Amino acid sequence: MRVFLIMVLLFTPIHPIHAAKSSTKPKNVIFMVMDGTNSDVLTLTRWYKGKSLALDGILVGGVKTYSLQSGITDSAAAGTAMATGFKTSVDMIGIVPQLKGGKVEAIRPAVSILEAAKLHGLSTGIVTTSPVQHATPAAFTAHTISRNGYDDIAEQQVYQGLDVVLGGGMVSLLSKKNTNPYSAPKGIGSNMPSYRKDGENLLEEIKNNGYSFVKAKSELDAVKKTKVWGSFADIDIAYEFDRPTLAPKQPSLAEMTKKAIHLLDKKQTGFFLFVEGSKIDWAAHKNDPVGMISEILSFDSAVKEPLYFAKKNPNTLLIAVTDHGNSGLTMGNHNTNKSYFKTPVHQFIDPLRKAKLTATGAAALLKKDRSNIKEIAKYYGLSPLPEKELKRLKAASNVELELAKQMAERANLGFTTLGHSGEDVFLYAYGPGKPTGLINNTDFPSYISKFLGITSLDRFNQSLFVNATDYYDKKGYKTKIDLSNPHNPLFIAQKNEEKIEYPINKNYKIVNGKRKKLSGVNIYVNHQFWISKK
């Protein structure tokens with residue numbers, strides 16, 4: 001515990017924030033994350049592409065990624081650090097320890113830079129190839145004790161008042177009683193639930209809030225309203241390498257990013273846009289170099305859109321970064337122990353270029369009896385397939401992992417883990433006030449706040465997240481937390497004839513039966529309600 005407390009104190013952001021000079025033009029921030037990307041795979045991708053990446057032209061430094069209690073972070077803690085400026089623990093989304101007298105007294109929500117930008121008057125949006133409720137986008141838009149609280153995350157996002165939401169995650173919008181009226185293809189390999197436990201129909205709420213709701217690329221292309229919610233998959237959007245074959249109705253990350261910028265810019269208020277290339281991480285967890293390269297190229301194409309916009313709109317700050325490493329991929333393995341100094345690049349690249357689908361995409365076409373295993377292997381570039389390798393595939397408990405393992409052997413690639421890694425990662429940025437050099441992941445909100453002219457994030461924390469019990473007890477109200485519906489806790493404050501109710505995850509309170517809108521959403525975490533003052 002002593003070490004934990006010291007770490008909390010050491011890693012609390014201390015960077016001063018000063019107001020930026022006023023500008024007649026609205027300011028824009030585009031914050032992009034390529035999830036789970038280590039340095040060697042970027043080198044490998046550049047060789048695969050045969051020329052420089054768009055990212056190479058805006059490389060400005062590096063980022064430390066450790067979490068509050070570990071040298072290797074997860075996406076929830078990393079996302080929270082980048083969004084709020086505070087280190088936190090594994091699995092926590094927008095939640096950080098609260099100190100009093102040098103001790104951890106409790107945990108509390110912390111305002112994200114996206115929420116602060118919204119309160120500052122900017123339009124806001126998120127774009128991702130994962131479910132929009134996944135850890136990193138969730139860290140910018142929600143507050144839960146666990147990254148697996150998809151129902152709460154989804155509900156908070158719906159009531160956050162975002163202008164543009166594009167990604168996957170349809171299942172978290174649907175109740176058990178609903179049938180999915182859309183033909184969004186399902187993702188593979190996710191532990192997300194198949195329906196909402198609270199029975200709420202968030203699709204109906206989305207439409208009532210004035211969104212254009214779209215489910216395919218063609219529908220997104222046709223959108224003209226500045227408020228849009230796109231759910232293009234039940235869970236995750238397909239890998240870019242697989243999308244044209246397996247999910248052609250889905251938009252690419254670049255297409256979603258371009259559309260989001262266009263719609264947000266139309267409001268002329270300035271905007272904050274979060275963009276994540278999520279599935280580099282997913283491929284890395286399977287040690288699939290083809291999937292990793294595919295998704296980095298997809299992210300790199302997406303970077304071109306805000307870079308083009310920023311060059312035409314110099315009041316735009318673009319930041320692109322990795323939240324953490326993953327897989328420990330290396331160019332070189334046991335095959336090159338004695339030959340690394342004479343192994344030409346094509347011996348790393350040629351096997352990879354034979355693949356037509358990722359390991360996930362190829363395995364999705366596998367028949368139950370595995371009678372088409374040779375065809376599957378060919379889709380992944382493993383052709384010709386020696387008898388020894390064929391037997392390994394037929395006997396494999398996880399075909400995806402075995403495909404990837406055999407590809408790595410052919411391409412002279414090494415992997416150290418199926419999990420995350422703790423190295424510093426590359427920092428890319430363009431525009432005024434950009435961060436440079438080696439920084440910590442908690443530094444981003446300070447740079448962005450200074451650019452936007454937000455004098456202090458702390459004042460938003462003090463107004464957006466107030467302990468409801470303390471606040472109303474001091475005013476002489478009788479308070480209680482109603483848990484009669486475990487999926488929908490309710491805070492109640494009552495004095496004389498006035499009864500005030502705060503439903504979980506909503507952006508309103510109910511005063512004597514009448515709704516009053518609030519600046520933020522109501523959070524219930526660790527047996528406490530946190531509410532907005534206004």
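**Ground rules**

I am working with a predicted model, where local features need pLDDT of at least 70, side-chain atom pairs count only at pLDDT 80 or more, and totals for chains, interfaces and linings use all residues. Residues are numbered from 1 along each chain as its sequence is written, and side-chain values use heavy atoms, with hydrogens and water left out.

For element names I rely on DSSP runs numbered from the N terminus: helices are H or I with at least four residues, strands are E with at least two. Buried is under 20% relative accessible area, exposed is over 50%, and partly exposed is in between (1.4 Å probe, protein chains only).

**Entry 1: strand β10**

I looked up how enclosed strand β10 (residues 316-321) is. Six of its six residues are buried, so the rest of the structure largely encloses this strand. In a regular strand, side chains alternate between the two faces of the sheet. I checked the directions in β10: T316, L318 and A320 point one way, while L317, I319 and V321 point the other, and all are buried.

Next I looked for neighbours, where two strands pair if DSSP finds at least two bridges between them. Strand β1 (residues 28-34) runs parallel to β10, with six bridges; V29 has L317 as its bridge partner there. Strand β15 (residues 425-430) is antiparallel to β10 and joined to it by four bridges. On that side, L318 is partnered with Y430.

**Entry 2: a three-strand sheet**

I also found an open sheet of three strands, in the order β17-β24-β23, with antiparallel pairing. Two bridges hold the antiparallel pair β17 and β24, and N467 finds its partner in W530 of β24.

**Entry 3: salt bridges**

My criterion is a side-chain nitrogen of Lys or Arg within 4 Å of a carboxyl oxygen of Asp or Glu. Searching the whole structure gave me 18 salt bridges.

I started with D221 and K217, whose closest N and O atoms are 2.9 Å apart. Both sit in helix α8 (residues 217-222), four residues apart, or about one turn of the helix. D221 is partly exposed at 45%, and K217 is partly exposed at 24%.

Then I checked K286 and E400, which form a salt bridge at 3.0 Å, N to O. K286 is in the loop between α11 (279-284) and α12 (289-312) and E400 is in helix α17 (residues 399-410), so the pair ties together parts 114 residues apart in sequence. Are these two buried or exposed? K286 counts as buried at 17%, and E400 does too at 14%.

E402 and R392 also meet in a salt bridge, at 2.8 Å, N to O. E402 lies in helix α17 and R392 in helix α16 (residues 387-395), ten residues apart. E402 is buried at 11%, while R392 is partly exposed at 25%.

Finally, I noted a network of salt bridges linking E155, R196, D198, E200 and K506.

**Entry 4: a charged patch**

K534 is in the segment after β24 (528-531) and is exposed, at 71% relative accessibility.

I found a cis peptide bond between S383 and P384, with omega about 0°. P384 is placed in the loop between α15 (373-379) and α16.

Q268 is not a glycine, yet its phi is positive, near 60°. Q268 sits in the loop between α10 (253-266) and β9 (271-277) and is exposed, at 66%.

S327, another non-glycine, has a positive phi of about 85°. S327 belongs to the loop between β11 (325-326) and β12 (330-331), and at 0% relative accessibility it counts as buried.
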